[in-house]
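Please open the model in your viewer and keep the sequence panel beside it. The stops below say what to select next and what is to be found there.

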Amino acid sequence: MTVTPTPVANPPRKTKRRNNAGAEQEKPHVIITIIMGIIAVAWLFPLVGLLITSLRSKADVDATGWWTVFLNPFGQDWTVQAFGDAWDALDAGTTFWNSAAVTIPATVLPVMIAAMAAYAFTFLQFRGKEIYFAVILGLMVVPIQIAVIPILQLFVWFGNATGIPIIGQYPAAWIVHATFAMPLAIYILRNYMSTLPNSLIEAARVDGASHFQIFWRLAVPMSVPALASFAIFQFLWVWNDFFVAYLFIQSGPNQVLQQGLYSLLGQYGQGWQRVAAGSFIVLVVPLLIFFLLQRFFVRGLTAGAVK
Amino acid sequence: MAIFSAVISVVLGLGLSFLIFWLFNWIVEKQQDRTKARLLPYVFLFPVIVLVAVFLLYPALRTFVESFMEQSKRRGEGATFVGLDNYISLFTDPNFLGVLLNNLLWVIVVPASAVLIGLLIAILTDRLGKRREQSFKAMIFIPMAISGIAAAATWRFIYFYAPPGNPQIYLLNAVWTRLTGNDPVPWLTIDAARVNSFLLMFIVIWLQVGFAMVLLSAAVKGVPEETIEAARLDGANERRTFLLIIVPQIRGTVLAVFVTVTIFVMKSFDIIYGMTGGQYNTSVLVVDFYSQLFSFQNPGKAAAVVIILMIAVVPLIVYQIRSYKSQEELR
């Protein structure tokens, strides 16, 4: 999921919540609650189906639709067998760690690199600053496909020239993910840094601090909310990515979880419960992050909007 | 074993990057003050410049050139310049025109639906108490955390096909056979009226509404209370208040969400690839790029496809830069 922070024309003002001020708000809103309840349940319905299917036996899955369990919840052959099968089919003992090895540097590196660039764009003066920034803004929209073939060729050439293969190794994915995260990261972080009090930076300058010291000791610690928001996005984006892994990690010893799930998708003849359980194994990390860090997640979405 | 190599790679990769950074820092600190001031911005920008130049701008240029070339079928022979041939053969190919039509439908339908549904939910939840609002929003939002491949897996349980006579274990066909009494339909292969593409679009809408909802909800809350009060005092009903007071004030956000979802749609590959692999006329540009490159072994044509995609996103680039400029002026 690409999330471009979106500028809001009128920055949110302090407004009284419409439903805790005034007289007309104390209505219980039963109808709205019911409508929203229906929408929300419908929204989660596909995922509920996935969860139920993963807990059924192959015979049950093949015989009846998963929604029939609601009619007869105790007549089912409930089992967690599928999770074990899917774990093996995904080779999760390996692919899980591969996913982590791809995702962690592909999150940390772009955040740090972009923070440096954002600092330069915010606090340093240099020629062509506006133009560079406009280029960055434009690059946010550029689809990754435009660079795929030449990057592959470049990696092959590098591998032939130095004898160090890159394709199939983690760094191939790090580089590609870091590059394509750069524009958005710089944009979010610059937006945030430009709200930091300039006087503080000035004061540090007067006290003789170098820009490197200011960057590490002031700008980075003060930008933690923005850094965290972006890092969460990038983490989810890379963890959930299939395309880059498919092209640059390829099938082999360094395969990531999403690739495992993709091949599992092709094996539904051996039972849908395995596919469902595999999907859940792949979903665990994003869902955990999502629930634990929801506050940052939502703040990251509105990063461009809420100053 | 996997965990060890993973940990070692992570530590090495990060360590090396920080070492390079530290080295630059050290070099610059050694310089004279005046050169230091001039060099400093570029030290901060250096990693970005390298990454973007080597892995984005240069490849983009190469792709552009490659779109005018044709790779020889024989191994070891280079490519020859063929002018606009790749483009001409694409635009005279009915399959590719179908791909363009699909892409157009995707770009119109998905962002508009995501914005409308997101706005509806934002407005409905805005009238509820805080607790209920939060929990409903969280439920709508969950699909955003799901990968394209996992979403494809999830929706296979709804869209797939079991031949007549077999138990109907896929939801859509179960409902269809029950309601109409007809035979089940292989939905994902039905390209009449692009039924299969619309079904796939629904998955992306399902994923993206949460995003639209969060931003639109923030915008709706940002509408100043006084303007709404004033409209109510003047006797405007709910609908008129919404259309004439709220909508004009959140227009900027609506547009921004629309553009962001459009960008996402233009780039999303996983779901279509995971559901149909682009078969049955469901392909869009990013999927067609992949088929041209790997299935048809035709890098020149693949490059032409991605250049066409690039031309299609130019308006979005212009929009991004312009909206940023107007935002800067507000500061």
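Is B:Asn281 buried, exposed or partly exposed? Select B:Asn281, and you will find that this residue is partly exposed, because 18 other C-beta atoms lie within 10 Å; a residue counts as buried with 20 or more other C-beta atoms within 10 Å of its own, as exposed with 12 or fewer, and as partly exposed in between, the C-beta atoms being placed from the backbone. B:Asn281 sits in the loop between α11 (270-275) and α12 (285-295) of chain B, where helices (H or I, at least four residues) and strands (E, at least two) are DSSP runs numbered from the N terminus. The phi of B:Asn281 is near 60°, a positive value in a residue other than glycine. Most residues other than glycine have a negative phi.

Before going further, note that this is a predicted model, in which local features need pLDDT of at least 70 and side-chain atom pairs count only at pLDDT 80 or more, while totals for chains, interfaces and linings use all residues. Residues are numbered from 1 along each chain as its sequence is written, and chains are lettered from A and ligands numbered from 1 in the order in which they are written.

Now colour chain B by pLDDT, the predictor's confidence in each residue, from 0 to 100. The mean for chain B is 85, and 97% of its residues reach 70 or more. Within chain B, confidence is lowest in helix α1 (residues 2-30), with a mean of 77, and highest in helix α4 (residues 94-126), at 92. For the complex, the predictor gives an ipTM of 0.85 and a pTM of 0.86.

Staying with chain B, select domain 1 (2-56) and then domain 2 (90-330), whose bounds come from an automatic or database domain assignment. Their C-alpha centres lie 39 Å apart. Next pick B:Val257, placed in helix α10 (residues 238-267) of chain B, which is buried, with 27 other C-beta atoms within 10 Å. From there, draw a line to B:Thr227, which is 30 residues from B:Val257 in sequence and 24 Å away in space, C-alpha to C-alpha.

Show both chains together for the next stop. Here 97 residues of chain B are in contact with 100 residues of chain A, contact meaning that two C-beta atoms, placed from the backbone, lie within 7 Å. Helix α2 (residues 33-66) of chain B gives the most to the side of chain B that touches chain A, with 16 residues. That side of chain B divides into 66 nonpolar, 20 polar and eleven charged residues, where Ala, Val, Leu, Ile, Met, Phe, Trp, Tyr, Cys and Pro count as nonpolar, Asp, Glu, Lys and Arg as charged, and the others, Gly among them, as polar.

Of the 307 residues of chain A, 53% count as buried. Among contacts in chain A between residues at least 6 apart in sequence, 78% join residues at least 24 apart.

A:Gln250 is partly exposed, with 13 other C-beta atoms within 10 Å, and its phi is near 60°, a positive value in a residue other than glycine.
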